Each structure stands twice: as C-alpha cells, then as structure tokens.
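I opened this structure to look up a few residues. My notes follow in the order I took them.

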Amino acid sequence: MLYGIAAATASFLLAALLAALLRAPALSLALVDRRRRRPVPLSGGAAVALVTALVAGVGDWTGVVPLGSAAGRLLVSASAVGALGLAADLWRLRRRWVVAGTAVAAACVVPYGETGPVAGALAVGWITLMAAAFRGLDHADGVAGTVGVVTAFGVAACAAAELRDGLAVALLALAAALTGLLLHNWHPARTALGACGALFTGFLLAGAAVFTRAGHAPAEGAAVLLALTAPASLDVVLVLLSRRLAGRPPLRAGPDHLAHRLRRLGLTPQGAAVVVGVVSCGAVLTGVLVHTGRAGAPAVWWVAGAAAAALAGLLRVRVYGPRHGAGAQGRVPGPSRPRPPRGASSRVPAEVAEAIRGGSSRRAIFPVRQARRTEEAQVSVPLRVRNG
C-alpha cells in the first residue's frame with residue numbers, strides 16, 4: 001500500500017518534469033502535431049511510457065511488488081508498441097504497419113491457457129483495436145489523458161481484486177503519469193501523447209483488462225471489458241460508421257471523433273474533455289462493480305444502451321465540410337458580375353461605369369472611346385447599344 005502511494009507520487013512528479021524537458025527536443029526534431037494552427041510537441045507519450053516502465057520496473061527489481069512473468073511480459077510488449085508509435089511519429093509510418101506490429105505484440109501477451117484459442121484470438125483483436133482507439137482520442141486536448149486516468153484506476157481496482165498487486169501498481173503508476181502529463185496537455189496543450197503514448201496507454205490498459213478477466217465467463221468478461229473502455233469503443237464505432245455512411249475511406253483522418261462532435265455542439269475544449277471524463281467514470285464504475293460482484297451483469301446493459309443512444313445522436317452532427325468546388329457556406333458559386341474595364345474610372349463617365357457594375361448577363365453596355373483634348377469629340381454623350 002505504501003509503495004503504491006510512493007509509486008504514484010513519483011510517477012506524477014517525474015512525468016510532469018520529463019514532459020516539460022522533452023518539449024524542446026521535440027520542437028527541434030519537428031515532432032509536432034498541428035492543432036488549430038499551433039504546433040503541439042508529441043513528446044508527452046514518451047515521458048509517460050518511460051516513467052511507467054521505470055517505476056514498475058523498480059518495484060519488480062527490488063522485490064517490493066513483483067510483477068510476475070505475465071505482467072512483466074505485458075509491460076515489455078507495451079513498451080515495444082510505444083517504441084513503434086514513436087517511430088510512427090518520427091517517420092510517419094503507414095497505419096497498416098503500426099496495426100500489424102500492435103497485433104503481433106498482443107498475440108505475445110494473451111494468456112491462451114486461460115482464455116482458450118477462440119477467445120484468445122478475439123482478445124488479440126480487441127487489444128489492437130483499443131490501442132488504435134486511444135490514438136484516435138489524442139486528437140483533442142486532454143481527452144485521451146482524462147480517459148486514460150479513469151480507465152487505469154478502474155482496471156487497477158479489478159487487478160487488485162484478483163490479487164495481482166504488481167499489475168495494479170503498474171496501472172497506478174500509469175494513472176499518475178497521465179495525470180502529470182495533463183498539466184501540460186490541458187487546453188491549450190503544450191504537449192501531447194502522440195502515437196507513442198497513446199498506443200502504450202491503450203495497449204497496457206487493454207492487456208491488463210484481459211488478464212484480470214481471464215478465467216471468468218466469456219459473456220460476462222466481454223461485458224466488463226466493454227464497460228471499462230466504453231468511451232474509446234464509442235469513438236471507434238462512431239468514426240468507422242460515420243465514414244462508411246459518408247463514403248469516405250476508413251483510415252482517412254478527419255474531424256469526426258467524439259470530442260470533435262462535442263465541440264460542434266457548442267462545448268469548449270475543456271468542456272468536451274470533462275464530459276468525456278464523466279461518461280468514462282460512470283462506465284468504468286459499472287465495470288468495476290460487475291467485476292467485483294457488487295452488481296449483476298445486466299447493469300452493463302445500461303452502459304450499452306447509453307452508448308447506443310449517444311451514437312445515434314452524435315451521428316446526426318455534421319462534421320464533414322462541403323464537397324470540392326463548393327463555396328464557404330456550402331453553396332456552389334454562380335457566375336460573377338461583370339467587372340468594369342481596367343482604368344474605367346479615368347476613361348469612362350461615372351454613369352457608364354455604374355451601369356457596367358450593375359449590368360446583367362442579358363444586357364451589356366459598350367462605352368464609346370472619348371476623344372482627347374486635341375481632337376474634336378465625335379459624340380457628346382455616351383452611346384448605349386443593345387446586344388442583338
């Protein structure tokens with residue numbers, strides 16, 4: 001207990017300090033993301049991953065809170081996925097390679113002996129999907145960190161109920177490190193998780209949730225996993241379904257995530273993060289109560305029903321702009337009005353220039369060149385000619 005408090009305190013302070021120190025190297029390496037025309041360094045995720053691995057590793061090395069072989073393998077695999085995410089931030093790797101690498105790492109940590117081959121294969125896909133989901137949540141300031149903190153506390157409670165103390169301490173270290181990052185990631189963000197931190201966080205949380213539910217009934221286990229990761233799951237389904245309905249490629253980035261739609265409804269960036277955090281608290285609390293036996297499995301249906309209602313409502317929010325060629329207000333621009341000839345103010349009388357500016361496509365006015373001072377004017381007044 002005392003080591004858990006010390007580990008959380010150390011993780012909070014180290015992550016806050018390291019995130020501030022890594023901003024300058026990230027800016028020099030152009031490791032940034034553009035958010036509302038301002039560069040945001042993507043070095044916060046590296047700070048979170050390093051601090052979490054360091055604190056959990058020290059506890060295991062000293063023997064105070066040993067991780068065990070399974071939890072140690074999970075932490076190593078999460079660190080490898082975080083390194084893959086850092087490479088994606090630096091060199092813009094294709095998404096398919098990042099997803100493939102995450103899936104390979106997930107296949108190495110799933111406890112097939114307790115889940116079975118079919119459930120194990122489903123767990124590999126679910127861990128990969130949740131890692132990608134947290135990467136999607138990082139498109140807005142403070143959202144991924146808030147959801148990660150709440151989920152980490154919930155999964156840590158489930159792990160402690162299963163007497164997995166080493167895994168619970170590692171998750172508490174992750175929650176504290178994400179809290180330290182939020183000091184710099186709250187709007188306006190001075191640093192962000194990036195693919196490194198988002199993939200590390202999502203992979204570690206999803207893998208730990210699978211470990212805590214291994215050996216339980218598959219249906220109840222799936223319900224608890226859904227409740228623990230409800231906001232991330234809702235964001236994935238919302239994005240894929242909206243892009244499918246709009247005829248857009250599923251991997252094409254766009255402002256169609258959960259936080260983007262809340263902003264369209266009028267919420268501030270801080271308000272969107274708070275709303276997502278409150279929703280995550282309710283869903284995670286339900287999952288913990290079901291896992292510990294203080295609530296029945298049907299309680300998860302309330303979470304599923306609320307998620308379905310939110311999905312139906314958020315799909316009605318328009319997030320995609322007008323098609324190519326449309327005007328700024330979504331209208332196709334019509335034919336422009338005729339402009340007066342160049343230099344018309346010096347060579348054309350005022351009434352003729354005014355007529356040219358207000359002319360229509362059916363009637364055009366052709367001014368007659370005026371005579372110079374040394375010549376005798378042939379026409380004393382402007383001549384109006386109708387076409388046809």
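In which helix does Asn-185 lie? I find Asn-185 in helix H9, which covers residues 165–185. Helices are DSSP runs of H or I with at least four residues and strands are runs of E with at least two, numbered from the N terminus.

I note that this is a predicted model, in which local features need pLDDT of at least 70 and side-chain atom pairs count only at pLDDT 80 or more, while totals for chains, interfaces and linings use all residues. Residues are numbered from 1 along each chain as its sequence is written, and side-chain values use heavy atoms, with hydrogens and water left out.

I looked up the cover of Asn-185 next. Asn-185 counts as buried because its relative accessibility is 1%; buried means under 20% relative accessible area, exposed over 50%, and partly exposed in between (1.4 Å probe, protein chains only).

I then listed its neighbours. Leaving out residues up to four places away in sequence, Asn-185 touches Arg-35, Asp-141, Gly-142, Thr-191 and Ala-192, where contact means heavy atoms within 4.5 Å. The side chain of Asn-185 reaches the backbone nitrogen of Gly-142 at 3.0 Å.

I turned to Leu-29. Leu-29 sits in the loop between helix H2 (23–28) and strand S1 (32–35). Its relative accessibility is 58%, so Leu-29 counts as exposed.

Last, I checked the cysteines. I find zero disulfides in the structure, a disulfide being a pair of cysteine sulfur atoms within 2.5 Å. Cys-158 is buried, at a relative accessible area of 0%, and Cys-196 is buried at 4%.

Definitions and conventions: A polar contact is a pair of N or O atoms within 3.5 Å; within protein, one must be able to donate a hydrogen and the other to accept it, and residues adjacent in sequence count only if both atoms are side-chain atoms.
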